[in-house]
Amino acid sequence: MPSDSTAPANWHTPAELVPLEGREAFRGADAGTVLDFWRYAMPDLRTNTTRGLLAEFLVHRAVGAVARNTEWEAFDVLMPDGTRIEVKTSAYLQVWGQRRLSEIRFSRLRGRTWSPEAGEAAEQSYNADVYVFALHSARTHADYDPLDIGQWGFYVASRALVEATGQASLGLASVRRLCGEPVAYEELASRIATCARSLLSPGGTAGGPTADT
């Protein structure tokens, strides 16, 4: 986003974000607080949209990211050292009734970049340095606990491995071939750092066994 000194004439530049705490009240009517809105908008951490945001939040916390990415960025988490991370999420259970468990698939690995100045890129591309495939492992609703971080498994791969597949989406078997075994949350930052370091070395293939898709 251009700064005030470089923005074209008539460019509308948003004010710097001031994070909300939840207790702020909406003005002009008795419409409750920001916390009331959050409770309305995200009461269930199991929904697809919110579960995806939860996985991004966990990765954000694990790597010590400073601020949440803007919505139009072509990746999800920016590490303090500049490493770009894309977080993809899947789960066996949904918030609706199912005859069978969901097939595990991680989609939209490629995308078109966008910026306020240049608009949308003409071609799709792989836009992160490291890919985290976050899988919620619960297979029964009796066991599903959205507050239990231990129910997540994280598969991590470098961009080189993901890009080598040429695919826009990957199933669980392909992800396992790329990444090897999943890591628990406590090991996530270390695995991401290993993949990020591989970008600086010839080959750049850290993250698991050679792709075979």
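1. Start with the lining of the second largest pocket: by class, eight nonpolar, ten polar and eleven charged residues. Here Ala, Val, Leu, Ile, Met, Phe, Trp, Tyr, Cys and Pro count as nonpolar, Asp, Glu, Lys and Arg as charged, and the others, Gly among them, as polar.

2. A word on the source: this is a predicted model, where local features need pLDDT of at least 70, side-chain atom pairs count only at pLDDT 80 or more, and totals for chains, interfaces and linings use all residues. Residues are numbered from 1 along each chain as its sequence is written, and side-chain values use heavy atoms, with hydrogens and water left out.

3. Back to that second largest pocket, which has a volume of about 850 Å³. Of its 29 lining residues, E56, D76, E86, K88 and R108 lie nearest the centre. Helix 2, strand 2 (84–91) and strand 3 (105–106) each give two or more residues to this lining. Helices (H or I, at least four residues) and strands (E, at least two) are DSSP runs, numbered from the N terminus.

4. Have a look at R108, in the loop between strand 3 and strand 4 (114–115). R108 counts as exposed because its relative accessibility is 68% (exposed is over 50%, buried under 20%, partly exposed in between; 1.4 Å probe, protein chains only). Leaving aside residues up to four places away in sequence, R108 touches E86, K88 and A168 (contact means heavy atoms within 4.5 Å). The C-alpha atoms of R108 and S169 are separated by 5.9 Å, with the two residues 61 apart along the chain.

Technical notes:
1 Å grid on protein atoms, 1.4 Å probe; cavity = no way out; pocket = protein on both sides within 12 Å on 5 of 7 lines; lining within 4 Å. Points joined across faces, edges and corners; volume = space filled by probe spheres on them.
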